[in-house]
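Please keep the structure in view while going through the numbered points.

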Amino acid sequence: MRTGAPALALALSLLCAALPALAGNQDEERLSDSVRASLQAAIADRAVPVLLFRSGADNAHKWLSEMSRRLEGRIPDRKQRTELLKTVQYEAVRNGLDPQLVLGVMQVESGFKKYAVSSAGARGYLQVMPFWIRIIGEPQHNLFALRTNLRYGCVILRHYLDIERGDLYRALGRYNGSLGKPDYPNLVVRAWQRDWNFTTYTADNTRPGDRG
């Protein structure tokens with residue numbers, strides 16, 4: 001009997017549930033009506049992900065090629081790597097984030113495992129807590145789906161950067177549920193600068209804390 005896609009996704013999620021993930025116990029917070037509406041609007045974006053580079057296709061190609069090379073050991077399938085990188089770049093830039101920072105967060109949070117689940121219940125590449133669906137999303141949203149997970153994760157990190165007035169270390173602490181502790185922010189920044197920094201890209205786009 002042929003296994004349908006939903007059944008396969010469920011089986012994979014159960015198989016990978018034991019995979020270690022670093023996400024902490026992120027606090028559920030009260031949001032003002034205006035903040036909730038803003039986050040809901042950001043989550044609801046339906047545009048097709050495309051590479052967003054102000055300097056054009058040449059730098060976009062260079063960035064995608066270099067990031068794909070670095071990611072190959074973790075995600076061998078080229079099509080899967082390309083889809084992930086395009087989505088990371090699109091969702092990050094539209095939220096005023098450096099995509100390479102987002103790759104650093106992803107590396108530390110899930111090790112690029114799509115179906116990773118933390119002990120606190122956070123899910124997917126960017127280890128998003130399920131309560132965010134109730135607060136700003138829709139019941140049918142699947143946090144194991146690539147674009148849904150990355151969209152939520154980038155919107156949430158942008159939200160925390162705004163709360164912390166651009167302080168990346170405090171924003172990362174909020175994202176991980178470890179505000180005030182240095183270990184997690186240091187891990188992310190180290191991964192970002194060591195494994196994902198790419199001069200051609202970073203000279204051309206916004207940095208964390210800046211609005212694009």
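1. A residue is called buried under 20% relative accessible area, exposed over 50% and partly exposed in between, with a 1.4 Å probe and protein chains only. At 52% relative accessibility, Gln193 therefore counts as exposed. Gln193 lies in helix H9, helices being DSSP runs (H or I, at least four residues) numbered from the N terminus. Its C-alpha atom is separated by 8.2 Å from that of Leu101, 92 residues apart along the chain.

2. The model is predicted: local features need pLDDT of at least 70, and side-chain atom pairs count only at pLDDT 80 or more, whereas totals for chains, interfaces and linings use all residues. Residues are numbered from 1 along each chain, and side-chain values use heavy atoms, without hydrogens and water.

3. A nonpolar core is a set of buried Ala, Val, Leu, Ile, Met, Phe, Trp, Tyr and Cys residues joined through side-chain atoms within 4.5 Å. The largest one has 52 residues, and those touching the most other members are Leu84, Leu103, Val105, Trp132, Tyr152 and Tyr175. Helix H7 (146-163) is among the helices that each supply at least two residues; the largest share, nine residues, comes from H7.

4. Which residues does Tyr152 touch? Not counting residues up to four places away in sequence, Tyr152 contacts (heavy atoms within 4.5 Å) Ile43, Val128, Trp132, Ile133, Ile136, Gly137, Glu138, His141 and Leu143.
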